[in-house]
Amino acid sequence: MRLALLVLLLVPSIAMAQPRTLEVRALGGSCGEATRDVPPASLRASANMRGEVTISIDSMRFYCAPAPRFDASVRDDGTIVLVAREPEPPVARCTCPHAVRLRLRVVPPGVHRIEVRFRDEVLATGEVGVANVRRR
């Protein structure tokens, strides 16, 4: 009986330790000329009153094709982590600077640090403040 109670008490804390997944929608993008000298990536972010965050990433070094796709989550410390997925073959062997626009839905209120990652490398960082969601 005690073991069952202990397991029930631990399960919610295990679930809460997992990053919260965010819905990512691609708003467009482009790939510049293939080159070895891609400038450092930069990130801009803004939030609206519906809890949506729009992120623009410039000069993100990635395969020329296909374009990057992302998974997003919020860690316990409030950091929004965008992870570029490893593309499915066929993959172009060149790299180019991508300009990417994304929208994240249902971001919790607060000031969030943003990290853009591919594999184990942080490609860009930024910050965004999200106000309490306005209900209609």
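Reader: Is Arg 117 buried, partly exposed or exposed in this model?

Author: In this predicted model, Arg 117 is found in strand E7, which spans residues 110–118. Its relative accessibility is 23%, and because buried means under 20% and exposed means over 50%, Arg 117 counts as partly exposed.

Reader: Which residues is Arg 117 in contact with, leaving aside its neighbours within four places in sequence?

Author: The C-alpha atoms of Arg 117 and Arg 85 are 9.2 Å apart in space, although the two residues are 32 residues apart in sequence. With neighbours within four places in sequence left aside, the residues in contact with Arg 117 are Val 81, Leu 82, Val 83, Ala 84, Val 122 and Leu 123.

Reader: How many disulfides does a search of the whole structure find, and what pattern do they follow?

Author: The search finds 2 disulfides. One of them joins Cys 31 to Cys 96, and another joins Cys 64 to Cys 94. With the bonded cysteines counted along the chain, the pattern is 1-4, 2-3.

Reader: What handedness does the link of Cys 31 and Cys 96 have?

Author: The sulfur atoms of Cys 31 and Cys 96 are 1.6 Å apart in the model. The pair links distant parts of the chain, with Cys 31 in strand E1 (residues 20–31) and Cys 96 in strand E6 (residues 95–105), 65 residues apart. The angle about the S-S bond is -125°, and the link is left-handed.

Reader: Which of these two cysteines is buried and which is partly exposed?

Author: Cys 31 has a relative accessible area of 33%, so this residue is partly exposed. For Cys 96 the relative accessible area is 0%, and because buried means under 20%, the buried cysteine of this pair is Cys 96.

Reader: How many residues apart in sequence are the parts tied together by Cys 64 and Cys 94?

Author: The disulfide that joins Cys 64 to Cys 94 has an S to S distance of 2.2 Å. Cys 64 lies in the loop between strand E3 (53–63) and E4, and Cys 94 in the loop between E5 and E6, so the parts that the pair ties together are apart in sequence by 30 residues. As for accessibility, Cys 64 is buried at 19%, whereas Cys 94 counts as partly exposed at 31%.

Reader: What pattern does the secondary structure of the protein follow along the sequence?

Author: The secondary structure comes to 1 helix and 8 strands. Read along the sequence, these elements follow the pattern α-β-β-β-β-β-β-β-β.

Reader: What percentage of the residues in the protein is buried?

Author: The accessible surface of the protein comes to about 9,100 Å², of which 54% belongs to carbon and sulfur atoms. Of the 136 residues in the protein, the buried ones make up 32%.

Technical notes: Residues are numbered from 1 along each chain as its sequence is written. This is a predicted model: local features need pLDDT of at least 70, side-chain atom pairs count only at pLDDT 80 or more; totals for chains, interfaces and linings use all residues. Side-chain values use heavy atoms; hydrogens and water are left out. Helices (H or I, at least four residues) and strands (E, at least two) are DSSP runs, numbered from the N terminus. Buried means under 20% relative accessible area, exposed over 50%, partly exposed in between (1.4 Å probe, protein chains only). Contact means heavy atoms within 4.5 Å. A disulfide is a pair of cysteine sulfur atoms within 2.5 Å. Accessible areas come from the Shrake-Rupley method with a 1.4 Å probe; for residues, only the protein chains shown count as cover.
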